[in-house]
Amino acid sequence: MPDYNAVDGGLTLASRSELSAFLEGVERRAFKQALFAVRDEQAALDIVQDAMLRLAEKYGHRPAAELPLLFHRIVQNAIRDWFRRQKVRSLWTTLLSSLSGGTEDEDRDPLETLEAADGSNRESTPEEQLEQTQVLEIIEQELSRLPERQRQAFIMRYWEELDVAETAQVMGCSEGSVKTHCSRATHALASALKARGITL
Amino acid sequence: MNEMHFGNRIRQALNQGLRLEKSHVERLRAARERALARQRPEPAPALAWADNVLGGLGGWSGVSLRLVAPFAALAISVAALYTWQQNRVISDFEEIDAMLLTDDLPIDAYLDRGFQNWLKKRVSEQ
């Protein structure tokens, strides 16, 4: 049972355990979202870490119900900041990545460990597991290829299960824009998956 | 195509991909614990009330627009009015000084209160 430590205008302020539970529940999806955007595991981990720190430091006392929107907004801002920094340092990044052979991570399948770690799906045959892994890999690849705003809107709406108004608040745009982005993302994603032989 | 249905299928697929490498899980756990260690303590009731009021105005960014801007405009107006008044007084004195310096007056005229009143009256008439 959550330990409520204060009441703020009818809304319960987030206690330490509630903040902990919230972060634990959202951190992996946030990591994946950042990874879809920046396509760099370490950068994605840094983004999630920064977002967690910012949420706890600046909004740790806010009502628990406000945490999801605040956190998603912080994550999106952190991703945008990362792209801005990359743009400024693009020359150095290109130089360093060519010297350090940074393509190793890109070539490696981030879901290779899925089968080994998958203990809850013992009834599936190896073939089925392989197929699931491949489908997931393709979905994640195609999500990464979507335009940034379309991907944001789609993920907020259908993975984070925010409604249109909440998604608009996180993205800082109108509800109409969210609907448009979602519709375009859905059609683009469905077409791309169909072209690769996947029908959902 | 039903967008909602498609979105739900994608969500189910993505949720299957949330099993991360152990190192990533550990890194996220460490980040979470660092964040919890820095959780901002609950503010005092007065501060909490002020924060709520500010939140209702759109947060600290809203404050800058809705509160600070009118006060800044008022301060600028008062400063401009004060400067204009000061310039006007200085200008009056300058005119009197100029008249005194250009006219060939006896030294006693400077001590004559009636003369000074006449000068002021003349300036005000102009």
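Reader: Which residues does Phe31(A) touch, not counting residues up to four places away in sequence?

Author: Phe31(A) touches Ala44(A), Leu45(A) and Val48(A), along with Leu20(B), His24(B) and Leu28(B). Two residues are in contact if their C-beta atoms, placed from the backbone, lie within 7 Å. Do keep in mind that this is a predicted model, where local features need pLDDT of at least 70, side-chain atom pairs count only at pLDDT 80 or more, and totals for chains, interfaces and linings use all residues. Residues are numbered from 1 along each chain as its sequence is written, while chains are lettered from A and ligands numbered from 1 in the order in which they are written.

Reader: Why is Gln169(A) called partly exposed?

Author: A residue is buried with 20 or more other C-beta atoms within 10 Å of its own, exposed with 12 or fewer, and partly exposed in between; C-beta atoms are placed from the backbone. Gln169(A) has 18 C-beta neighbours inside 10 Å, so it counts as partly exposed.

Reader: What makes up the secondary structure of chain B?

Author: Chain B has 5 helices and 0 strands, running α-α-α-α-α from the N terminus on. Of its 126 residues, 9% are buried.

Technical notes. Helices (H or I, at least four residues) and strands (E, at least two) are DSSP runs, numbered from the N terminus.
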